[in-house]
Amino acid sequence: MNCRPGCAACCTAPSISSPMPGLPHGKPAGMPCPHLDETLRCRLFGRPERPAVCGSLQPSQEMCGDSREQAMRWLSELEQATR
């Protein structure tokens, strides 16, 4: 499955505990990653600075649903359950 254009739910809903450029302590849940471009694509994609957790989170029908809103809800619930 490919990412939905303009979604970036996986770059917004979950927290990221790994350091990344500009965020030495990671990113809190609900905050859009500052490395998203104007079309909500990752500027760190394919670069060594990209946190490993970002590469391990692959799009799936269960996670992404049919809309960004569904993906945000699913990922936010996962964030709460794994806190």
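These legends describe close-up views of a predicted model. Local features need pLDDT of at least 70 and side-chain atom pairs count only at pLDDT 80 or more, while totals for chains, interfaces and linings use all residues. Residues are numbered from 1 along each chain as its sequence is written, and side-chain values use heavy atoms, with hydrogens and water left out.

View 1. A pocket is an open set of points on a 1 Å grid over the protein atoms alone, where a 1.4 Å probe fits, with protein on both sides within 12 Å along at least five of seven lines. Grid points are joined across faces, edges and corners, and the volume is the space filled by probe spheres set on them. Lining residues have an atom within 4 Å of a point. There are 31 of them here, and C3, C10, C11, C42 and R50 are the closest to the centre. The elements giving two or more residues to this lining are α1 (52–56), α2 (61–64) and α3 (68–81). Helices are DSSP runs of H or I with at least four residues, numbered from the N terminus. By class, the lining has 23 nonpolar, five polar and three charged residues. Nonpolar covers Ala, Val, Leu, Ile, Met, Phe, Trp, Tyr, Cys and Pro; charged covers Asp, Glu, Lys and Arg; the others, Gly among them, are polar.

**View 2. The second largest pocket.** Its volume is about 260 Å³. The lining has 13 residues, with P14, S15, V53, L57 and E79 nearest the centre. Both α1 and α3 give two or more residues to this lining. The classes split into eight nonpolar, three polar and two charged residues.

**View 3. Helix α3 and its buried side.** The 14 residues of α3 should span 20 Å at 1.5 Å a residue, and the end C-alpha atoms are 20 Å apart, so the two values agree. The expected span is 1.5 Å times one less than the number of residues. A71, M72, L75 and E79 are the buried residues of α3. They lie on the same side of α3 because they cover an arc of only 100° around the axis. That arc is taken from the directions from the helix axis to the C-beta atoms. Buried means under 20% relative accessible area, exposed over 50%, and partly exposed in between (1.4 Å probe, protein chains only). Exposed E69 and A81 sit on the face turned away from the buried side. The cover over the buried residues includes α2.

**View 4. A8 and L40, two residues with positive phi.** Most residues other than glycine have a negative phi. A8 has phi near 60°, and L40 has about 65°. A8 is buried at 10% relative accessible area. L40 is partly exposed at 34%. Beyond its neighbours within four places in sequence, L40 is in contact (heavy atoms within 4.5 Å) with G6, C7 and A8. L40 and P5 are 35 residues apart in sequence, with 7.7 Å from C-alpha to C-alpha.

**View 5. D66 in the loop between α2 and α3.** D66 is exposed, with 63% relative accessibility. Residues up to four places away in sequence aside, D66 touches R4 and Q61. The C-alpha atoms of D66 and P14 are 19 Å apart, with 52 residues separating the two along the chain.
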